[in-house]
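Here's a quick tour of one model, with the cut-offs spelled out along the way. Have your viewer ready.

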Amino acid sequence: MCGILAVLGCSDDSQAKRVRVLELSRRLKHRGPDWSGLYQHGDCYLAHQRLAIVDPASGDQPLYNEDKKIVVTVNGEIYNHEQLRQLLPNHKFRTGSDCDVIAHLYEEYGEKFVEMLDGMFSFVLLDARDNSFLVARDAIGITSLYIGWGLDGSIWISSELKGLNDECETFEAFPPGHLYSSKNGALRRWYNPPWFSESIPSTPYDPLLLRRSFENAVIKRLMTDVPFGVLLSGGLDSSLVASVTARYLAGTKAAKSWGPQLHSFCVGLEGSPDLKAGKEVADYLGTVHHEFRFSVQDGIDAIEDVIYHIETYDVTTIRASTPMFLMSRKIKSLGVKMVISGEGSDEIFGGYLYFHKAPNKEELHRETCRKIKALHQYDCLRANKATSAWGLEARVPFLDKEFIDVAMNIDPEWKMIKPNQGRMEKWILRKAFDDEEKPYLPKHILYRQKEQFSDGVGYSWIDGLKAHAELHVTDKMMRNAALIFPHNTPTTKEAYHYRVIFERFFPQNSAMLSVPGGASVACSTATAVSWDASWSKNLDPSGRAAIGVHNSGYEKHLTNENLTPKIVDSGPLMNGVTSPRLTIRS
């Protein structure tokens, strides 16, 4: 995953400005440690930090058309670039990069070409012929992107907040599925699927169609010229990703270059549910499996670095980002540059445990729509930034546009959880891959109860975070929380602790407003909290907060005396990145 930074119309073409843009671009170097590039046209600057995945030798950016009048800086992967090249027979490409098609497509199709792209991407395109520019972000917001405005009338675009927060008067997340054209000076939604209106679909469930569309989503993401693997927690989603990848890897270009045996990676506390299940699935699939163990203290020591990189104070995102952040560092140290992951399934299929309480299919469907629309603020943000912090790219086949269209067009009655009929959460996905002749997974894994990532790495992880917050946040501080933080007021000591750290790194008002808020239980939206009257008294994003649903719900662990680990009261981390003490088992 690369890092992009653009400064457009800043009324300053001096050498000092160029140096400043380079300085800010270096804040994104963790995203793309392989090469740096900068293009300047008058008072417009396009900077790029490259993570080389496809065509590492010649795909450096910015990229150009033949006469170098159209310039583009891109973060992402265009999976259908080979098909798109066939639509451009009269064009000459400088590189084999998948992103090289963008400038040429713009020449032929104008801004409408964005709808032709199949992939994850965010880019800035500058047309030097008339000094116009175009900014776009992928359909769901898998890649992170921000837009800001300077007092001098300039527009800033950056992959992360830290690239622009010190220079812009105001800034915000660039909305997914949108493009901005300087010619009309406005945002326009380019991604308009049927489900976006939240109307209730009625298409019957076709398990083979669902299976085939997911397999196709995985296969297209095997496009790579560098070593890769899969994240494997042993839950349904990551296990299906690993199973399909292992099944179709042989014969691909990636297999010819790096071997037919798949590598898989799992992280957890000693004895965690994910480590046990991940190992079992890896043995079943025959992957080269790598287990990373961390302690609660390792995770706590990394919290400040995590918040700096993830750029949020949302509790559940930080809880889940920390083990992923630690794991990503170890994965990169093994020479791997890309991983395939299972984000997005729970939002599409109603897989979170609170969906057990959905009152009817209409409410379930609307909630899944709300969850998908918000992914860029939560799981996509986590998966993108926790991996990019170490120059690792995460690809997410469940968020493939074609797969989403198939899955979200199914009559939501099929997604309703009905235990008395043997239908648990994500039953239609499980059933689609329940193949007796050529099994994808062991039955008990295929029907394993949903574990949120922050729970699956070990239940004592969250308990340890809460205990740590108790050491740093007093009751007196909580009494003044609404006065100190009137927007998104933290309601727990853990949330307060994260907020203080976040605002130290990102003190601007716009930064605070970029983070979502609202009541949540087990990762629900605020709207879904009303599905169960008891939830309003137990607001916690952990899956164990779904009282009466989770097999290890909080009501079964009302005392944490045996769960809370010993916490060391460590001071703030001022410089550098921690070196977590992780054990690798391969």
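Ser154 sits in the loop between β8 (146–149) and β9 (155–158); helices (H or I, at least four residues) and strands (E, at least two) are DSSP runs, numbered from the N terminus.

Leaving out residues up to four places away in sequence, Ser154 touches Leu8, Gly9, Cys10, Gly148 and Trp149, where contact means heavy atoms within 4.5 Å.

## Ground rules

This is a predicted model, with local features needing pLDDT of at least 70 and side-chain atom pairs pLDDT 80 or more, while totals for chains, interfaces and linings use all residues. Residues count from 1 along each chain as its sequence is written, and side-chain values use heavy atoms, without hydrogens or water.

## The sheet

An open antiparallel sheet has six strands, ordered β4-β5-β6-β7-β11-β12; two strands pair if DSSP finds at least two bridges between them. β4 (63–64) and β12 (186–189) are at the edges with a single partner strand each, so one side of each lacks a neighbour in the sheet.

Strands β6 (residues 119–127) and β7 (residues 132–137) are joined by six bridges. Within this pairing, Ser122 stands opposite Arg137 in β7.

## Around Phe123

Which residues does Phe123 contact, leaving aside neighbours within four places in sequence? Among them are Ile4, Val72, Ile102, Phe113, Leu117 and Leu134.
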